[in-house]
Every structure is written in C-alpha cells, then in structure tokens.
Amino acid sequence: MKTSIATVSISGDFREKLSAISAAGFDGLEIFENDFLAFDGLPRDVGEMVREAGLEITLFQPFRDFEGMPEPHRTRAFDRAERKFDLMQELGTDLMLVCSNVSSVALGGIDRAAEDFAELGARAAARGLRVGYEALAWGRHVNDHRDAWEIVRRAGHDSVGLILDSFHTLARKTDVNTIRSIPGDRIFLVQLADAPMIDMDLLYWSRHFRNMPGEGDLAVTDFMRAVAATGYDGVLSLEIFNDQFRGGSPKSIAVDGHRSLVYLMDQVRRLEPDIRIDMPAMPDRVDVEGIEFVEFAADEAEAEVLAGMFRALGFARIGRHVSKEVTLWRQGGINLLINTEREGFAHSSYLVHGTSVCAIGLKVADAAATVARARALGADTFDQPVGPGELAIPAIRGVGGGVMHFIDEQLAGLWETDFRLAGGGKATADAGLVSIDHLAQTMNYEEMLTWTLFYTSIFATRKTPMVDVVDPAGLVRSQAIETADGALRITLNGAENRRTLAGRFIAESFGSAVQHVAFESRDIFATAAALKACGFTALEISRNYYDDLEARFGLDPDFAERLRALNILYDRDGEGEYFQLYSPNYGEGFFFEVVERRGGYKGYGAANAQFRIAAQKRHLRSDTIPRR
C-alpha cells in the first residue's frame, strides 16, 4: 500500500510538514501549490528535500479552470499548463491534478472538454508527464465523477486519467458503486477524506470541516471498497482541509492520517478480499471484555488520602505487589491500584501530572494480538523491567501518554502471581459496587478526533453522537466510545477553554488524563446508604434541580424526595432510567461517580452535567483537596 498526504492537510512551514509526513510513515506527499509558493527555495531544491526525506512527490496540485474555456482564455489555459509542466519537471513529479472548471465563462459539453484533455494529454506525454481530472462537487459543469470519467474516456489518451476524491463523491451522495465499472488503470490517484455530516454549502463544508477517514460520518469505507474492486493498486492520498488541523501539531496530525489509511484499508480488505492493493495482514479489531484495573500514581502522603477515598467508597486493601510499592484495592469485580514507586513510569507520571490515573488494564481475548494490531496502527509499545517470576503484561502507550495493559486468559493469574493477597483476595468491605461502568477522559477539544480514531481503530468499538455539555464557563464537547455490549465505555470530553471544569483539570494536571471513574451499582439506593456508613460524603446537588426533576418527569414526590435526600441525579431515556451519585472534587477536578442503569438506558446523563458541574465548582476549593 502506497500512502500519501497533501501538504495542505497539516500545519507548519514546508520543512515542518515534510518532517512530520516522513516520520509518520508516509511514502509520498502531494505538493499543494500555495505551500510551494510560500517556500523560499528553488523547485529543484524542494524536490531534493523531499527525496532526502525518503518520500516522493505523488501529485502537484491544483490546476484550475482549464477545460471548456472560450478564446482567448483557452490559449491562456494551455500556456499556464506548460509553465506548470516546467515546474513539475524541476520538482521531479509526473502527475498534475486538474480540477473541474468553476469559472463563470466556462462552456459546457462533454466532447468540448474531452478535446481539451486530449490536447493536454499529448503535451504532457511529450514531457513524460500525466494529468488527472477530478470532479469538484461544486464544479460549474462537471461535479460528478461519472461525468469526469466520461470526459477522460472520450479524451482517449494514456496520459490523461481520473482522480477520485471521496469527499466530492460522498458529499453529493453519488452512488459509489458506479465507480466499480471504471478500469482501475485509468484511475491515476485516489484522494480520501471524511467529514461530519453537516447540512451546509458544499464548498464551505469541504474547505473547513474535512477530517481523516474514520473520524467523520461519511461512508468512506464503501467508497474505497468500490475503488478497490476496480483493480486499482496505486497511491492512497489524504487531502484534508480543516481549520482545527491548521492550528494543530503537524506530527500528531500526520500520525493520525497514516493510522486512518491503515485502518481504512484493513476494513476494506476484510470486506473485499480480492483487492490488488497490497495490505499487510494484522489481527482484527479487538473485542474488549471489561476493565481489569485502574492504576493511580501518587506519593506516600497523597496515597493515604487516596486510600481514604477508596475506603469511603467501600473498597478494601487486599494485596501488595511482591516487589513494588503498589497496593491493590478491591470491591466486586473492580481492582484499583495505588503506585508509590520512586522510579519507573508511574513515578514519572506523578512528577508531571500529580496524583492521577497513570494506567488502565483491559481484559481481552488475546493480549499479544491486541499489541500487534496497535503496533500496525502506529501505537508505541510499552515495557519496563519485571522481577523474577512476575508476569510481563503486554502494553501500549495511550494517546495522552498513559499506559494501556492487556490481560487475557494466559495472564489470568496476575493477582495471585504478582501480589501477596490477604484473605484469599476476597474483599471484606462491600458497598454494592460491582464493576467499572465507564472511564471519562478529558482533553483539549482539538485532540478529540485523535482519541476517537485511536480507540475505534484498535478496538471493536463504536462512537456515539457528540453532545454539548454545558459548563457555566463554556461548552465541553462529549462523545462516548463503547463496545456493543457495554463491557468498555469511555467518554471523551473536549474542553475549549481553561475556565470550564474540564479545562481547568487539563491545565492543572498538565495534559489529557482520566478525570473520573464511574462505578456500577445494581441498587444505587442501597449503595448510597452503605457509602454513607463508610464515611462517604456525596456531592450536594441544588434542591431546585429536584423540584424541576419532579415536574419534568412526573415523578412521585416521595421518590423525588428520596433522590434529593441522597443527592442522586436522575435521567430517563425511553424505558430506561439512569441514576448518578458523585463524590466532590479531589485534586484539581478528579472525582468518582456511582451509576445504576435500568431498562436498557444507553446514555451517560448528559442532561445532568450542567447541574453536576455547578455543584462541583461550589466544592472546588474544599479543605480536603490534596495538593502536589
């Protein structure tokens, strides 16, 4: 598989873009003309720089307003093309993109356009060059790949081919299966982009909201299946116009881009097994069976505070690591670790972020296969020394720098092997918490697409629609990544400013991290009573919330009063009900949540977030807050 990305897709000057594209593993790049024009260097120098970076120039683009022009515009268009051919030869590339004409003076007609391309093809061939024709979704006369292909077909020249762009086809809802009848050798290049489904002007949508395949809502996989079925085996290139990417990290955006192409083609290969595009084999997306543990990094003093929180939540300390300063706390099927080591990854995490979640462990069917897939998708593996007889747990680095461990049946004896367990490993305390319902990870809004692609490409998960969480200081965008059975649920919360609770957490913890852990109860009222007996203090919710809740859902007054007395929030979704109980904030915004789902409730209580956040901000400067 040959991969490429247009320079317009990432931020930075030309040297920064080149470095990021090379480091991400691409084979080539499309030079967008404005990037070249802004660079202070000769075309030959640019070509040498690209080749020294181990890349090739797959395309020079765009050449605009060519076909169907009346005189004298037609002669001028051919003169412009000759000058671009001069430039291409100096750069060392042989393919130029010609996009369909948008000029107000352009004349229609398939045959007229085909005659122009036949002549252009002859001129290109004389120089050993090629031209590819692309139908812009907003083209004046040609805005459909079917018309563009007919023009290429009638031009009848080997140096004239078709360039397909997923956005232009999918944005106009053109049937992708019409691509299957096009000969693969007449397709010169395939450009790929996704986008969120937004009802707006096509040009504006294209210029500002494109994203990587798998990050949006368009049927890019279906598009690429149709392309692959033609026998096409050429370059797959990304052409992304996105305001968010223009201000982002070139390195991370390039990594996302390469990951998106590998993920896309892995999906296509599984659905179209006879494709000619060479795609290295990798394990399928991984089924996650649950969260095995959550690990906190802390120093000795803050570990005591954290231990106090765990006790108040009904957890019991039931083990200590055989060689490390790590304690194991358990309740139901939940395992929490506190790591106070003075060296190693957890200690480094503590020095940067303070007391925080540094690692999670996921239960999977095959840990080695999970790591193999993650590596194929560009994730970094993680390992650190283990003591004699201890288990080496396969792990990778997560997007925010945390660690994800994978536990399968071969590692089922983890706790008995690596820990000295008291009482046979059974917890004596119990407040009715049975499992981890979900983890909530907070990041800057610009990072959300990266996190979404990371999780959905590696694991057999789906993303829910994005929702707006109202903070008194601004909006937080929230989207859940979850398995079909709910064994893994991760909510991603993107903060747009530092004044929100989520934004403050990012600023104070120096980066993206798990902001809260939600535990599942099967009887939240019994759990609330048990927690109170353990010394747990619930986040106090405004009485006004309960008065409105009673009226909004038509709740029995006694039931509403019962919720209020225990500070339990309530939501309803069809026949399903959702109950939420929160701790106050610890540190600079970390907290715990207890939830109960009834009747198949699928959400996360987004309607309650505004009232929870307001209550948390009232408690933000509690004297119980530990400091780094």
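The structure is a predicted model, so to speak taken with its confidence scores: local features need pLDDT of at least 70, side-chain atom pairs count only at pLDDT 80 or more, and totals for chains, interfaces and linings use all residues. Residues are numbered from 1 along each chain as its sequence is written, and side-chain values use heavy atoms, with hydrogens and water left out. The average pLDDT (the predictor's confidence in each residue, from 0 to 100) comes to 94 for the protein, and 98% of the residues score at least 70. Where pLDDT is low, the predicted coordinates should not be read in detail.

Now to the sheet. Helices and strands here are DSSP runs numbered from the N terminus (helices are H or I, at least four residues; strands are E, at least two), and two strands pair if DSSP finds at least two bridges between them. An open sheet of 8 strands has the order β14-β15-β13-β9-β12-β11-β10-β16, with mixed pairing. At its edges sit β14 (395-397) and β16 (419-421), each of which pairs on one side only. From one strand to the next, the twist averages 25°. Angles like this one run from 0 to 180 degrees between N-to-C directions, and axes are lines fitted to C-alpha atoms, for helices over the stretch in contact.

Within that sheet, strand β11 (residues 326-331) is worth a look. Buried means under 20% relative accessible area, exposed over 50%, and partly exposed in between (1.4 Å probe, protein chains only).

The neighbours of β11 run antiparallel to it on both flanks. Strand β10 (residues 316-321) is joined to β11 by 4 bridges, and alanine 316 has arginine 330 as its bridge partner in β11. These two strands form a hairpin with 4 residues between them. On the other flank, 6 bridges link β11 to strand β12 (residues 334-339), with glutamine 331 partnered by isoleucine 334 in β12. The hairpin of β11 and β12 has 2 residues between the strands, and glycine 332 takes a positive phi near 55° there.

Elsewhere in the sheet, strand β9 (residues 288-297) pairs with strand β13 (residues 356-364) in the antiparallel sense over 8 bridges. Glutamate 295 stands opposite alanine 359 in β13. Helix α13 (residues 345-353) lies across β9, β12, β13, β14 and β15 (403-407), and runs at about 135° to β13.

On a 1 Å grid over the protein atoms alone, a cavity is a set of points where a 1.4 Å probe fits but cannot get out, and lining residues have an atom within 4 Å of a point. Grid points are joined across faces, edges and corners, and a volume is the space filled by probe spheres set on the points. The largest cavity holds about 100 Å³ of space. Its lining comprises 14 residues, of which Gln61, Glu134, Leu136, Arg207 and Glu239 are the closest to the centre. Strands β3 and β4 (95-99) each supply at least two residues of that lining.

Finally, the backbone. The peptide bond from glutamine 61 to proline 62 is cis, with omega near -5°, and proline 62 lies in strand β3 (residues 56-63). A cis bond also joins glutamate 71 and proline 72, with omega about 5°; proline 72 is in the loop between β3 and α4 (73-91). In that loop, too, is aspartate 65, a non-glycine residue with a positive phi near 50°. At 24% relative accessibility, aspartate 65 counts as partly exposed. Phenylalanine 510 follows α17 and has a positive phi near 55°. Its place is in the loop between α17 (501-509) and β22 (513-521), and at 53% relative accessibility phenylalanine 510 counts as exposed. In α17 itself, the buried residues are Leu501, Ala502, Gly503, Phe505, Ile506 and Ser509.

Methods. Contact = heavy atoms within 4.5 Å. 1 Å grid on protein atoms, 1.4 Å probe; cavity = no way out; pocket = protein on both sides within 12 Å on 5 of 7 lines; lining within 4 Å.
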